[in-house]
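Welcome, and please take a look at the model below.

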Amino acid sequence: MAQALDIERWNLECLFNNTDHRTDLNGVDRLIVRRGQPFTISLYLRSGSYQPGISSLDCIAETGPQPSEQYGTRASFGLSSSLDTSTWSATVTSPPGDMVALSICSSPKAPIGRYTLTLGQSEKIEFILLFNPWCPADTVYMDNEQNLAEYVLSQDGIIFRGSSRHIIPTPWNFGQFESGILDICLRILDMNPKCLRNPGKDYSGRRNPIYVTRVLSAMVNCNDDKGVLLGKWTDGYEGGVSPLFWRGSVEILRNWDTQSCQPVRYGQCWVFAAVACSVSRALGIPCRVITNYLSAHDTNSNLVIERYVNENGELIQSREMIWNYHCWVESWMTRPDLKPDFDGWQASDPTPQEKSEGVYCCGPIPLRAIKEGELAFKYDAPFVFAEVNADVVTMMKKKDGSTSKVTTIGLVGQMISTKSVGSDSREDITHLYKYPEGSDEEREAFTKANHQNKLLQENPDPGLHLTIKVTPDMRKGCDFDVFAVVTNNTEGERKCRLVFGSCAVSYNGFLGGNCGFKDLLNVQLPPGAERRVPLRLNYSKYGGQVTEDNLIRLAALLHDYSTGEAKLAMRNIVLDNPEIKVRILGEPKENRKLAAEISLQNPLPEPLDNCCFSIEGANLTGGNIISERLGCTVGPGEDAKVKIYFTPTHSGLRKLVVDFDSNKLCHVKGYRNVIIGK
C-alpha cells in the first residue's frame with residue numbers, strides 16, 4: 001500500500017533552479033521558473049524514508065483566484081517513474097533516504113503567473129512560472145541562442161528615432177530584471193479589465209502569448225483601463241514630464257506601481273513600445289522595438305492618406321497624418337489560430353491610435369500577413385498594412401474654397417529598423433513587411449489587400465522636377481541653408497512660381513511656427529535647366545520654434561503658369577544635438593565603486609542654465625537614476641562637465657545611459673558600453 005511522504009521542511013534550491021531557468025537576474029531569494037522545463041526541490045522528511053514504488057506524494061499546482069482543471073489553472077499529479085515534459089509531472093531523482101530530491105516539470109502550455117504548489121495534505125510552496133522560449137514545446141520557442149540573449153535576456157537596447165534620411169540611435173534601459181519589475185508586470189496583467197471582469201477566464205488565457213500580448217498592447221496605455229502611461233503629443237507637459245525625459249522603463253513601471261496604478265505622465269510611441277518590450281521580456285516572450293519611418297496613420301481604413309495644403313504649400317492639420325517615425329513592438333510566437341506559415345514575429349502596437357474590438361490596442365498580427373496583404377487575419381492587419389503601405393494623395397485648398405490635386409511623391413513605410421543582435425548597429429527589416437517596390441509580389445499583395453490606389457498608380461510626368469536638398473551639417477544652434485532644386489525636363493521654357501517654406505513639426509506630424517519663408521513669383525527655366533533656390537534657416541528664428549524633437553518640415557510648392565499644375569516636395573530635417581562624451585575612471589568590476597566623467601559642449605550662441613546630467617543602467621546603478629546638477633552657467637562653446645559615481649552589481653557588457661537637460665537644450669541622450677569584470 002502507498003505511503004504518503006511525511007514532509008518536515010524543504011529547500012526550493014532557488015540559486016540552482018533560477019540560474020538553470022535563466023531567471024537568476026530577478027534575484028535568487030524566491031523560485032522563478034520557466035514552463036516545460038524541470039526544476040528540483042529538496043524535501044526533508046519528518047519520519048520514514050522515500051521508498052521507490054511505495055512512497056506517494058499528491059501534488060496540486062494552482063494559479064489565480066478561481067483555479068479549475070477545466071480552465072487549465074489547476075493541475076493534480078502524483079509521482080511518476082520519470083518526468084513527462086508535455087504535462088505537469090513529478091519524479092524523485094535521489095536514492096532512498098530521508099532527503100528527497102523532487103524533480104517537477106510544468107506543462108509547456110500552462111498559464112504563466114504566480115503558483116501555489118500543494119505537496120501532500122498541507123505543505124504549500126509558492127513560485128512564479130514564465131514563458132519558456134528555450135523549450136521546443138512552448139509557443140514562444142526560439143531556436144537561436146544569440147537571438148534569445150538579445151530578445152529575452154538583454155536589459156538594454158537602442159531605439160531608432162530621427163528621420164529616414166538621418167536616423168538617430170537612442171539608448172534605452174529596459175531593466176526587465178531589476179528589483180520588483182517582474183511583480184509589477186504581473187500586476188499589470190491583474191489590473192487588465194478582462195481579469196477584473198472574469199479572473200478565472202483571464203488567468204486561463206495567460207497560457208497563450210497571443211492573448212497576453214494583446215492584453216499588454218491595451219494595458220501599456222491608459223485609454224480604457226488602469227494602464228501604465230498617458231500619451232501626450234501637444235500643448236506642453238504640465239502635471240508630468242516630457243516623454244523625452246525617460247531613459248528607461250524601470251522608473252515608469254515603478255511610478256505606476258507606487259501611485260496605485262495611476263497612469264504615468266507622459267508617453268509617446270517609443271516610450272509605449274519600450275515599456276511593452278520590457279514587460280514582454282520579463283514574462284519570457286522574445287520581443288524587440290521597431291521603428292517605421294514615414295508611418296501612415298489611416299483613420300478610415302481606405303489605405304489612403306488624404307493631405308491638404310494651402311496655396312503656400314503649408315499643410316492643413318488633419319487627423320490623417322504621416323508620422324516622421326512610429327515605434328511599435330514585435331513579439332515571437334507561433335500562430336496556431338491561423339493557417340500554417342504565419343509563425344514568428346508578430347507586430348503589436350501599445351500606442352493608442354485607433355480602437356480594436358472597442359479598446360485602444362493593436363495586434364498581434366504576423367509580419368508575413370502584412371507582407372502578403374492578408375488583411376482578414378487577426379489582429380488589426382488593415383491598420384498596420386496602412387502604416388507601411390498607404391498611398392498619399394495631396395490636395396490644394398484654394399482661397400475660393402475649390403480644391404485641386406497636387407503632384408507629389410508620398411513615400412510611406414521606409415527604413416523599418418531595429419537593433420541588430422549582439423551589436424548597437426541598425427538592422428533594416430523593411431523586407432519583412434513589404435516586397436521590393438514595383439515587384440510582381442508587391443502587386444500581388446496589393447491585389448489581395450484590394451489596394452486600388454497603388455494598383456492604378458502611373459509613373460509621374462517627367463516635365464518639371466522638384467526636390468529639396470540639404471547640407472550634411474545641420475547642428476542645433478547653427479545657421480545653415482537648405483535648397484529647393486527645380487529641373488525643367490521639357491523641351492520648352494517654363495515660367496513658374498516657387499513658394500519655399502519651413503516650420504517646426506513634432507515627430508508625429510503636428511505643425512509649429514514658421515522657421516523661414518520665401519516666395520519667388522517669377523522663376524524662369526530654359527529647357528534642361530536646373531535652378532537651386534536657397535532658404536536660410538537662422539537659429540535666431542528657428543531656436544524658439546522647434547520642439548524637443550528637433551524637427552523642421554521643409555515644403556516647396558511649384559506652380560507651373562503654363563499648365564496650371566502644382567508640384568509639392570516635402571522633407572523633414574533633424575537638427576543634431578551635441579555629443580555627450582563619457583569616460584569611465586577606474587577598473588570596472590562588480591561591487592566596486594566607479595566614476596563616469598561626462599561632458600557636453602554648448603553648441604548654442606547663448607548660455608545654458610539649470611544643467612543636469614543623469615545616468616542609469618541595468619545592473620549598474622542599482623535600479624536607480626543618479627543625477628548631478630551643475631552649479632554654474634555654461635557659456636557658448638564651453639563644456640558642461642561632471643563626475644558621477646556608481647557601483648555595478650553584475651559582470652558582463654552593460655549600457656550606461658546618459659541624459660543631459662538644461663533650460664535651452666533639453667534631454668540630449670548618450671551612452672557608453674561598459675564591460676564589468678567579476
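Two strands pair if DSSP finds at least two bridges between them. Helices (H or I, at least four residues) and strands (E, at least two) are DSSP runs, numbered from the N terminus. The model is predicted, with local features needing pLDDT of at least 70 and side-chain atom pairs counting only at pLDDT 80 or more, while totals for chains, interfaces and linings use all residues. Residues are numbered from 1 along each chain as its sequence is written, and side-chain values use heavy atoms, with hydrogens and water left out.

**Strands**

Let us begin with β12 (residues 156-163). This strand pairs with β13 (residues 166-173) in the antiparallel sense, over 8 bridges. In one of these bridges, Asp 156 has Asn 173 of β13 as its partner. A hairpin of 2 residues leads from β12 to β13. How many residues of β12 are buried? The count is 8 of 8, where buried means under 20% relative accessible area, exposed means over 50%, and partly exposed lies in between (1.4 Å probe, protein chains only). One side of β12 carries Asp 156, Ile 158, Phe 160 and Gly 162, the other Gly 157, Ile 159, Arg 161 and Ser 163, and both faces are covered.

Elsewhere, an open sheet of 4 strands runs in the order β2-β4-β9-β8, with antiparallel pairing. Its edges are β2 (6-11) and β8 (89-92); each has a single partner strand, so one side of each is left without a neighbour in the sheet. On average, neighbouring strands here are turned by 35 degrees against each other, direction ignored. Between β8 and β9 (residues 99-105) there are 4 bridges, and Ala 90 has Ile 104 in β9 as its bridge partner.

**Two packed helices**

Two packed helices are described by the angle between their axes and the distance between the axes. For α3 (residues 181-190) and α8 (residues 269-283), the angle is about 105 degrees and the axes are 10 Å apart. That makes α3 roughly perpendicular to α8, a label for angles of 65 to 115 degrees. Axes are lines fitted to C-alpha atoms, for helices over the stretch in contact, and angles run from 0 to 180 degrees between N-to-C directions. From α3, the contact (heavy atoms within 4.5 Å) involves Leu 182, Cys 185, Leu 186, Ile 188 and Leu 189, and from α8 it involves Val 279, Ala 282 and Leu 283.

**Annotated sites**

Helix α8 also holds Cys 269. An unreviewed UniProt entry gives "active site" for Cys 269, His 326 and Asp 349; UniProt annotations may be inferred rather than shown by experiment, feature names are shortened, and positions are given in the numbering used here. Although spread over 81 residues of sequence, these three cluster in space, with a largest C-alpha distance of 9.7 Å. Leaving aside neighbours within four places in sequence, Cys 269 is in contact with several residues, including Trp 233 and His 326.

| Residue | Relative accessible area | State |
|---|---|---|
| Cys 269 | 0% | buried |
| Asp 349 | 1% | buried |
| Asn 389 | 5% | buried |
| Glu 437 | 59% | exposed |

Asn 389 is found in helix α10 (residues 381-389), whereas Glu 437 lies in the loop between α11 (430-433) and α12 (440-448).

Technical notes
Parallel < 35°, antiparallel > 145°, perpendicular 65-115°, else oblique.
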